Amino acid sequence: EVAWDNVDPADGFGYVMYQSECGCPEWTTIKIPVILKKGKIKGEPIVCTGKQYIYGLPQWPTTSVKWNVSGPAPALLDYNQQRNEVLFTASQPGNYTLTADYFNTLLSCSGQAYINIVVEAPVQISGGADEICVGTSQSFNANPNVPVTWKVVTGNSVYTSPPTTGTFSYNFATAGS
């Protein structure tokens with residue numbers, strides 16, 4: 001008896017399962033690479049400027065991959081020992097498109113995959129003072145002015161704000177750090 005399982009574009013492999021008819025019947029699974037015309041790149045869709053992120057295609061044997069990126073500014077593509085992976089770093093915020101053109105030399109089939117990547121600048125916090133008196137309210141700002149969730153930890157107490165833009169103020173009612 002043989003069963004065929006569907007191909008997951010993110011996995012890039014199909015699975016054939018068969019059950020032996022002798023002695024102790026047992027299911028065996030064989031993983032088969034399936035080169036897709038439209039592949040799926042794995043990786044983070046939203047990243048920060050100046051940090052390195054890894055993106056990859058399924059690890060198909062005998063497949064060469066050419067990576068390319070387009071966007072509002074040049075982005076850096078570095079390679080590691082896996083030909084199906086690329087390391088992406090962008091220094092400017094914006095929307096980028098990472099494209100992979102691949103060719104399987106054994107089967108002479110090819111395809112393309114892409115992922116849209118939103119690059120955002122990390123949030124910088126300003127305001128407040130290093131030391132204050134009990135009962136003093138402090139104000140803080142996030143730059144850029146994007147929705148952020150503020151978390152204030154005082155002793156055993158934790159306050160978490162809803163997503164907020166603009167100035168965040170908090171009254172430090174108890175002593176401590």
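Is Gly-111 buried or exposed, and what is its relative accessible area? The legends below, which describe a predicted model, begin with this residue.

**View 1. Gly-111 in strand β10.** In this predicted model, Gly-111 lies in strand β10, which covers residues 109-120. With a relative accessible area of 14%, Gly-111 is buried, because it falls under the 20% limit that is used for that class. Leaving aside residues up to four places away in sequence, Gly-111 touches Leu-36 and Lys-37 as well as Ala-100, Asp-101 and Tyr-102. Leu-36 stands 75 residues from Gly-111 along the chain, yet the C-alpha atoms of these two residues are separated by 6.3 Å.

**View 2. Thr-99 in strand β9.** Thr-99 belongs to strand β9, formed by residues 94-104, and with a relative accessible area of 18% Thr-99 is buried. When residues up to four places away in sequence are not counted, the contacts of Thr-99 are Lys-66, Trp-67 and Asn-68, together with Gln-112, Ala-113 and Tyr-114.

**View 3. Pairing of β9 with β6 and β10.** Strand β6, which comprises residues 63-70, pairs with β9 in the antiparallel sense over 8 bridges, and within this pairing Val-69 has Leu-98 of β9 as its bridge partner. Strands β9 and β10 also run antiparallel, joined by 11 bridges, and here Tyr-96 has Ile-117 of β10 as its bridge partner. The hairpin of β9 and β10 has 4 residues between the strands, and in this hairpin Ser-108 takes a positive phi near 55°.

**View 4. The open sheet of β11, β12 and β15.** This open sheet consists of 3 strands in the order β11-β12-β15, and its pairing is antiparallel. Strands β11 and β15 (168-172) are the edge strands, each of them pairing on one side only, and the twist from one strand to the next averages 30°. Strand β12, made up of residues 136-143, runs antiparallel to β15 and is joined to it by 5 bridges; in this pairing, the bridge partner of Gln-138 is Tyr-170 of β15.

**View 5. A nonpolar surface patch that includes Val-123.** Val-123, Ile-125 and Val-146 make a nonpolar surface patch of about 240 Å². Val-123 is placed in the loop between β10 and β11 (124-127), and at 36% relative accessibility Val-123 counts as partly exposed.

Notes
Residues are numbered from 1 along each chain as its sequence is written. This is a predicted model: local features need pLDDT of at least 70, side-chain atom pairs count only at pLDDT 80 or more; totals for chains, interfaces and linings use all residues. Side-chain values use heavy atoms; hydrogens and water are left out. Helices (H or I, at least four residues) and strands (E, at least two) are DSSP runs, numbered from the N terminus. Buried means under 20% relative accessible area, exposed over 50%, partly exposed in between (1.4 Å probe, protein chains only). Contact means heavy atoms within 4.5 Å. Patches are made of residues with over 30% relative accessible area and no salt bridge: like charges are joined within 9 Å, nonpolar side chains (Val, Leu, Ile, Met, Phe, Trp, Tyr) within 5 Å. Accessible areas come from the Shrake-Rupley method with a 1.4 Å probe; for residues, only the protein chains shown count as cover. A salt bridge is a side-chain nitrogen of Lys or Arg within 4 Å of a carboxyl oxygen of Asp or Glu. Two strands pair if DSSP finds at least two bridges between them. Axes are lines fitted to C-alpha atoms, for helices over the stretch in contact, and angles run from 0 to 180 degrees between N-to-C directions.
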